[in-house]
Amino acid sequence: MPSFDLAKVPLRELNQALHNVTAGTNEMDFEVLNPRGAHAVAVGIDAPVNVDVRGNCGYYCAGMNAEATITVHGSVGPGVAENMMSGTVVVKGDASQYAGATGHGGLLVIEGNASSRCGISMKGIDIVVKGNIGHMSAFMAQAGTLVVLGDAGDALGDSLYEAKLFVRGKVKSLGADCVKKKMKPKHLELLAELLKRAGITDVKPEEFTRYGSARQLYNFNIDNADAY
Amino acid sequence: MCGIVGLFLKDKALEPRLGALLSDMLITMTDRGPDSAGIAIYGPSAKGAGKITVQSADPKSDFKGLGAALSKKIGTEVSVDVRATHAVISLAVDKLDAARDALTELRPGITVMGRGESVEIFKEVGLPKDVAERFGIGKMSGTHGIGHTRMATESAVTTFGAHPFSTGPDQCLVHNGSLSNHNNLRRELIKAGLRFETENDTEVAAAYLSHKLAEGQNLGHALESGLSDLDGFYTFVVGTKSGFGVLRDPIACKPAVMAETDEYVAFGSEYRALVGLPGIENARVWEPEPATVYFWEH
């Protein structure tokens with residue numbers, strides 16, 4: 001298994017090796033040691049490889065991921081899995097701001113807490129956070145699912161479009177145009193499937209509350225000016 | 001962008017390493033701000049003793065014979081420790097104000113960077129590595145300190161635009177962000193009798209806190225008041241003679257990460273700044289909440 005010790009080799013070497021992976025290769029498992037908060041670890045992968053990062057990372061870890069499964073055995077800085085297209089990113093620790101921002105697909109699992117703006121402008125990504133999330137999460141989210149086992153901070157789902165939000169704990173406040181919605185069988189099914197994919201077996205879909213867009217801000221209407 | 005760091009030691013055994021640890025933290029943050037850098041160190045203080053850190057663009061002539069001239073002028077013994085463009089003047093604490101006035105008269109080219117019983121402030125245009133080396137920060141010991149590497153947004157790239165800003169005895173502040181109501185607030189603070197050296201927005205925040213402290217609030221309360229009076233983006237790290245505080249604005253888009261062990265409390269703009277600290281692997285690491293005051297005191 002190729003192993004990259006970032007205390008010894010430059011980050012560029014790691015990312016280049018990951019970008020060089022071609023179809024049919026046998027080298028599918030990579031290990032990254034000593035990231036020590038480095039930025040842009042394992043970004044831009046476009047192959048179904050497995051990457052285990054042992055330690056804490058900085059900004060934009062696993063950004064733009066397609067197909068790869070990246071597990072960070074530590075915490076990550078701002079922008080983890082930003083603009084992910086597909087694949088899976090698992091963070092064993094906490095995540096800083098805007099985790100999974102603008103993600104188009106794939107699954108992001110954060111086993112600790114995520115801070116503010118988790119899933120901001122998400123466009124199809126599924127995000128599961130075992131802990132709590134910070135303020136303004138799922139701001140302007142357009143598609144995908146955000147599942148939170150803990151609590152959510154202020155202004156959840158502010159100016160939300162069509163993403164589905166499920167929170168098991170308390171929500172400090174809802175943002176403009178975000179409302180509590182009825183949990184229908186299809187939502188319970190979706191949630192059960194997502195929890196399963198995230199490896200969560202001890203939590204029932206019925207324990208969550210669903211939130212979504214009231215669709216009042218879709219088109220500009222002068223009567224809604226105060227809500228913008 | 002700016003990079004800020006802070007280190008508050010709980011374990012006395014680490015005190016001789018404060019300057020070295022803090023400079024390493026700041027050097028790691030160099031790419032967040034290459035314009036200027038500065039460090040405030042709270043060092044050992046003796047009862048009744050005070051110090052003033054001064055800066056001069058012409059240290060050769062300004063610092064020559066400064067000790068003797070100042071001593072004669074204010075009628076007390078002073079010693080002057082020159083370090084590149086800065087000098088630390090040691091004297092009786094009750095002579096600090098007299099010395100400050102006398103300095104203006106004796107050496108008009110000199111700027112007071114900080115004063116008090118414990119704090120010494122060194123800041124210059126340049127990279128953190130060069131600034132730390134120039135002033136021998138790595139060899140300094142102390143109880144706590146803060147540092148800043150600047151990407152200038154609101155005012156000029158000069159020594160005086162560098163952080164930390166100190167506007168009261170043993171107080172200083174570093175800032176990542178920008179304030180939007182600093183001009184108006186500066187006018188109000190000037191009316192209240194505060195003095196400003198620069199056009200910098202951060203100096204206004206520092207002066208605001210000094211003003212609140214002078215009104216009798218403790219640092220925790222002063223920071224709470226700041227949440228409603230300071231408009232803009234900010235992550236502040238502040239130091240007082242015995243305390244260390246952190247505050248982020250309610251939007252909290254400027255990054256911040258903290259770590260605490262039995263030996264210290266540390267702050268960094270990024271986790272990278274903390275990785276060289278002893279025992280960081282087992283520290284409690286968290287991101288400070290928006291609009292929440294964090295404060296430690298010896």
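In the predicted model, T102(A) is partly exposed, with a relative accessible area of 22%. This residue is located in the loop that runs between β5 (88–91) and β6 (107–110) of chain A. Leaving aside residues up to four places away in sequence, T102(A) is in contact with E82(A), N83(A), I120(A), S121(A), M122(A) and K123(A). The C-alpha atom of T102(A) is separated by 23 Å from that of T209(A), and the two residues are 107 residues apart along the chain.

Two surface patches were identified in chain A. The nonpolar patch consists of M140(A), Y161(A) and Y218(A), which together have about 260 Å² of accessible area. Of these residues, Y161(A) belongs to the loop between β8 and β9 of chain A. Its relative accessibility is 33%, so Y161(A) counts as partly exposed. The positive patch is made up of K164(A), K182(A), K184(A) and K186(A).

Over all chains, the structure holds 23 salt bridges. Side chains of opposite charge can pair when their charged atoms come close. In chain A, one such pair is D126(A) and R197(A), whose side chains meet in a salt bridge with an N to O distance of 3.5 Å. The pair links distant parts of the chain, with D126(A) in strand β7 (residues 123–129) and R197(A) in helix α2, 71 residues apart. The two partners fall into separate accessibility classes: D126(A) counts as buried at 14% relative accessibility, whereas R197(A) is partly exposed at 43%.

A salt bridge is also formed by D151(A) and K170(A), with the closest N and O atoms 4.0 Å apart. D151(A) lies in the loop between β8 (143–148) and β9 (164–167) of chain A, and K170(A) in the loop between β9 and β10, so the pair ties together parts that are 19 residues apart in sequence. D151(A) is partly exposed, at 28% relative accessible area, while K170(A), at 61%, counts as exposed.

In chain B, the side chains of E117(B) and K241(B) meet in a salt bridge with an N to O distance of 3.8 Å. The loop between β6 (110–116) and β7 (119–125) of chain B contains E117(B), and the loop between β11 (232–239) and β12 (243–248) contains K241(B); the bridge therefore ties together parts that are 124 residues apart in sequence. Both residues are partly exposed, E117(B) at 28% relative accessibility and K241(B) with a relative accessible area of 36%. A network of salt bridges links D31(B), R32(B), E270(B) and R272(B).

Helix α4 of chain B spans residues 96–106, and its buried residues are L96(B), A99(B), R100(B), A102(B) and L103(B). An α-helix has 3.6 residues a turn, so residues three or four places apart point the same way. The buried residues of α4(B) pack against β3 (49–56), α3 (66–74), β5 (86–92) and β6 of chain B.

Terms used:
Residues are numbered from 1 along each chain as its sequence is written. Chains are lettered from A and ligands numbered from 1 in the order in which they are written. This is a predicted model: local features need pLDDT of at least 70, side-chain atom pairs count only at pLDDT 80 or more; totals for chains, interfaces and linings use all residues. Side-chain values use heavy atoms; hydrogens and water are left out. Patches are made of residues with over 30% relative accessible area and no salt bridge: like charges are joined within 9 Å, nonpolar side chains (Val, Leu, Ile, Met, Phe, Trp, Tyr) within 5 Å. Accessible areas come from the Shrake-Rupley method with a 1.4 Å probe; for residues, only the protein chains shown count as cover. Lys and Arg count as positive and Asp and Glu as negative; His and the chain ends are not counted. The place of a charge is taken as NZ of Lys, CZ of Arg, CG of Asp or CD of Glu. Helices (H or I, at least four residues) and strands (E, at least two) are DSSP runs, numbered from the N terminus. Buried means under 20% relative accessible area, exposed over 50%, partly exposed in between (1.4 Å probe, protein chains only). Contact means heavy atoms within 4.5 Å.
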